[in-house]
Amino acid sequence: MIEIEAVTAEAVTVQLLTVSSGRVNALDVEALQEFTDAVRELRGSGAGALVVTGAGKVFSAGVELDRVLQGGADYTDRLIPALSDAFEALFCYPGPTVAAINGAAIAGGCVLACACDRRLITPDAKIGASEVRVGVPFPAAALEVMRYACGRHAEEVLLGGGLYRGDDAVSSGLAHRVVADDLLQAALAEASDLGGISAEAYAHTKAQLRAPTVARMHAGGEIDREVSRSWGSEDTRRRIADSMENLRRR
């Protein structure tokens, strides 16, 4: 479920988009489609600045892996495009976007946060693109979002698959600032500040900056077909199951 609330901060109206999907805000096909529709609807209405956060104490733990195990190739054929659409919709949103990372932002949840222009994180929140640790490759849109966000640290973040906190998250490019108190208010204030900039100037500059990344996303059709086949294979499902079992034992 995606919740949208208009909040006035510093005389600027900011849209607060909250991912609320089970205990850890996991992303299945339906949640991703709802998220994409919500972002596109806000874009179409000229809504302006946007803050993205997670319900409860988790930003998003990423893809709902139980659905991948249960659904197999038929499900992953729907999942990969849904992931790509959600990441691209947020990455290409013309107004300012701020992620309020209130708890774990793992794998797809990390990518969702990194698709935002600015990322604020609490000191204890874990963030990381752990796909390689689970044994799955990145869709083109996901990898390009992470490459853009992390810059020279992208290889360390993506190939290492580690989780980061606090200042380490900032130094790796996964976050811009650690906020110890009232994260949401800090995110709303930052979105309000950016929302005070000329919407046309902001959107035009953002589109110019991101055009090469978006072009690589759009050129990734064959990559995504390979990713979908990999995610839906029996070997990958075994790796996912083993990874989930290891996590349960910890």
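Predicted model: local features only at pLDDT ≥ 70, side-chain atom pairs only at ≥ 80, totals over all residues.
Trainee: OK. Which residue of β5 does T53 stand opposite?
Mentor: T53 faces A100 in β5. The strands involved are β3, residues 50-54, and β5, and they pair in the parallel sense over four bridges.

Trainee: What about β5 and β7, how many bridges there?
Mentor: Four bridges, and β5 runs parallel to β7, which spans residues 118-121. Within that pairing, I101 stands opposite I121.

Trainee: Is β5 mostly covered or mostly open?
Mentor: Mostly covered: β5 covers residues 97-101, and five of its five residues are buried.

Trainee: And which way do its residues point?
Mentor: T97, A99 and I101 point one way, V98 and A100 the other, and all are buried. In a regular strand the side chains alternate between the two faces of the sheet.

Trainee: Changing topic. What order do the strands take in the three-stranded sheet?
Mentor: The order is β4-β6-β8, in an open sheet with parallel pairing. β4 (58-60) and β8 (127-128) stand at the edges with a single partner strand each, so one side of each has no neighbour in the sheet.

Trainee: How many bridges join β6 to β8?
Mentor: Two bridges join β8 to β6, residues 104-106, and the two strands run parallel.

Trainee: Which residue in β8 is the bridge partner of A105?
Mentor: I127 is the bridge partner of A105.

How values were computed:
Residues numbered from 1 in each chain as written. Heavy atoms only, no water. Buried < 20%, exposed > 50% of the residue type's maximum accessible area, 1.4 Å probe, protein only. Pairing = 2+ DSSP bridges.
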